[in-house]
Amino acid sequence: MDLTRRHPGWVMFAAMVGLLLFLWVMAIPLALAPGPIGPAAQQFADGARVTVLLTLVSGSAGVVLGVLTGLGKLSAIAPVRWLCNFYVWLIRGTPLLLQILFVWLVVPQVLPDSLQPSDLACAAIALALNVGAYNAECVRAGILAVPHGQVEAAHALGLSPAQTFLDIVLPQSMRVALPALANNLASLVKDSSLAYAISVVELTMVGYRIQAESYQPIPVFMTVAVIYLILTTAFTTLTAALESQLDVGRKS
């Protein structure tokens, strides 16, 4: 933790490089393990890459969706506020697995044949919609935490509403919301495992298939758990360094 506070930039760089290196070479040490792990080393590596891809794509989309929805919940336009509140209420009140199945079954029916999404795309859409709703509450709380006097001062200095939001409100609100957003990202790494329900071959699906073939669930799922721990550690280290870089928690 001291290293993260003293050199957050280097820790962020090390976390990103370490994650990429782990995804690139993880099949090599796994191949040295006895069966059923060794023969399936490449399957574990491919599954981990799909898990990270799902996390990054849906996490990035979820941040954008969360910011837009958080702003919408604070909008002075009533229909926009109602729509955003309904979206958050609906997503937070239904299981993620149900949302994944709904997107997988419904989206292909409403899109033309030329735009049919893959199973991976359906999982990413559902995960983004889910994490976006939770991010919206984090962003809303962060915006409300910015003292209103600073907004009034910005208006007195002649800043436009857009300039006030981008230069005054958004940076400070992100400092407040970042720890919660980071927690949502760590949860997203694990929530991506539910994509197995629509046949996405991510890490959990790989583990399920290998244990079904080998009838050895203990070593298989222990391996899956260790890989998840490494992935979540990389993401949490990255976000902790980002918090230190932005000086989250400093008294203004």
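A salt bridge is a side-chain nitrogen of Lys or Arg within 4 Å of a carboxyl oxygen of Asp or Glu. The structure holds four salt bridges, and K73, R92, E137 and R140 are linked in a network of them. This is a predicted model, in which local features need pLDDT of at least 70 and side-chain atom pairs count only at pLDDT 80 or more, while totals for chains, interfaces and linings use all residues. Residues are numbered from 1 along each chain as its sequence is written, and side-chain values use heavy atoms, with hydrogens and water left out.

**Salt-bridge network**

- E137 forms a salt bridge with R92, with 3.9 Å between the closest N and O atoms.
- E137 lies in helix α7 and R92 in helix α5 (residues 78-92), so this pair ties together parts that are 45 residues apart in sequence; helices are DSSP runs of H or I with at least four residues, numbered from the N terminus.
- The side chains of E137 and K73 also meet in a salt bridge (3.2 Å, N to O).
- K73 lies in helix α4, so its pairing with E137 in helix α7 ties together parts that are 64 residues apart in sequence.
- E137 forms a salt bridge with R140 as well, the closest N and O atoms being 3.0 Å apart; both residues lie in helix α7, three residues apart, about one turn of the helix.

**Burial in the network**

- K73 is buried, at 13% relative accessible area, and E137 is buried at 18% (buried means under 20%, exposed over 50%, partly exposed in between, with a 1.4 Å probe and protein chains only).
- R92 counts as partly exposed at 46% relative accessibility, and R140 counts as partly exposed at 26%.

**Largest pocket**

- The largest pocket has a volume of about 510 Å³.
- Of the 25 residues that line this pocket, the closest to its centre are L56, S60, V63, L185 and T239.
- The elements that give two or more residues to the lining are α2, α4 (41-73), α7 (119-145), α9 and α11 (217-245).
- Helix α9 gives the most to the lining, with seven residues.

**Two single residues**

- T164 lies in helix α9 (residues 161-191) and counts as buried, at 3% relative accessibility.
- Apart from neighbours within four places in sequence, T164 is in contact (heavy atoms within 4.5 Å) with V151, A154, H155, L159 and V169.
- W10 is found in helix α2 (residues 8-25) and is exposed, with a relative accessible area of 63%.

Definitions and conventions:
On a 1 Å grid over the protein atoms alone, a cavity is a set of points where a 1.4 Å probe fits but cannot get out, and a pocket is an open set with protein on both sides within 12 Å along at least five of seven lines; lining residues have an atom within 4 Å of a point. Grid points are joined across faces, edges and corners, and a volume is the space filled by probe spheres set on the points.
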